[in-house]
Amino acid sequence: MEAWKKRQTKKLQILKHEPDGGDDPGFLGRYEKGGKPSELAPIDVLVTTADPTKEPPLTTANTVLSILAVDYPVDKIACYFSDNGAAMLTFEALAEMSEFARKWVPFCKKFNIEPPAQEWYFARKVDYYLRDKVHPSFAKERRAMKRESEEFKLRINGLVGMAHKVPEEGWTMQDGNPWPGNNLRDHPGMIQVWCEPPQSYQMLLNYLLNLDCDNYINNIKAFREAVLHDGPCLWEENMLCSVSSKA
């Protein structure tokens, strides 16, 4: 029975997502008024990983990309990443991801792309891409973004290939200093900020979501619905997907 359920789950496809505002047509309008700052609650998302050999960097990058591309005010959401394995490969993969995100996130927000994880979005059939997309530039921009996506994957896979050849003296950073994570049993805490948050942003004001590195956001409005209803709906299967690291 369990094997049958797994096979059937792969055949399911969510057609449309809409936050449920009940009988109140102005449900969302109470929090977002034209020309005024959004009153939606801030959200902090923590992504955790431990071993890039078991949790592929490309899967991890897709998780972060899906968070950055959700339909939520940019000054109300922040993504933090914790690597318990202190792997230089993960660090470099996320650096590549941050550059790709500068192109991927605007594309997702412009066309309401779902899922906002590039690997799984481009795995969908062409008919899925074109549904409800009436913007005249969509097809052209999608082709360009797919090329960018393929190049991004090649860069990530290139990093993975080089990571198998660990120097005897350990990894060295671009500035010539030893990588702090060379000794997994004894290393200082490391913090790297790629995208500077707004000056007014304060961490942990309202909501904190912890995702494993093999999860990704499937519904771009999931955060809105969860915050507006202040309930556990963020964990519904049509909003959050889990990816097997062996796939």
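Reply: Happy to! Please keep in mind that this is a predicted model. Let's begin with lysine 54, which sits in the loop between strand S1 (43-49) and helix H2 (57-68). An unreviewed UniProt entry places the feature "binding site" at Lys54 and Glu55. Glutamate 55 is in the loop between S1 and H2 too.

Are these two residues buried or exposed? Lysine 54 has a relative accessible area of 61%, and because the cut-off for exposed is over 50%, this residue counts as exposed. Glutamate 55 has a relative accessible area of 18%; buried means under 20%, so this residue counts as buried. The side chain of glutamate 55 also makes a polar contact of 2.4 Å with the side chain of threonine 49.

Now for the helix pair. Helix H3 (residues 88-111) packs with helix H6 (residues 138-163) at an angle of about 170°, and their axes are 10 Å apart. Angles over 145 degrees count as roughly antiparallel, and therefore H3 and H6 are described that way. On the H3 side, the residues in contact include Leu89, Met97, Phe100, Trp104 and Phe107. H6 contributes, among others, Phe138, Met145, Phe152, Ile156 and Leu159. Charged residues take part as well, among them Glu92 and Lys103 of H3 and Arg142 and Glu148 of H6. Sorted by class, the contact of H3 with H6 has 14 nonpolar, 1 polar and 8 charged residues.

Methods
Residues numbered from 1 in each chain as written. Predicted model: local features only at pLDDT ≥ 70, side-chain atom pairs only at ≥ 80, totals over all residues. Heavy atoms only, no water. Axes fitted to C-alpha atoms, helices over the stretch in contact; angles between N-to-C directions. Helix = DSSP H or I, 4+ residues; strand = E, 2+ residues; numbered from the N terminus. Parallel < 35°, antiparallel > 145°, perpendicular 65-115°, else oblique. Contact = heavy atoms within 4.5 Å. UniProt positions renumbered as here; feature names shortened; annotations may be inferred. Buried < 20%, exposed > 50% of the residue type's maximum accessible area, 1.4 Å probe, protein only. Polar contact = N/O pair within 3.5 Å; in protein donor to acceptor, adjacent residues only side chain to side chain.
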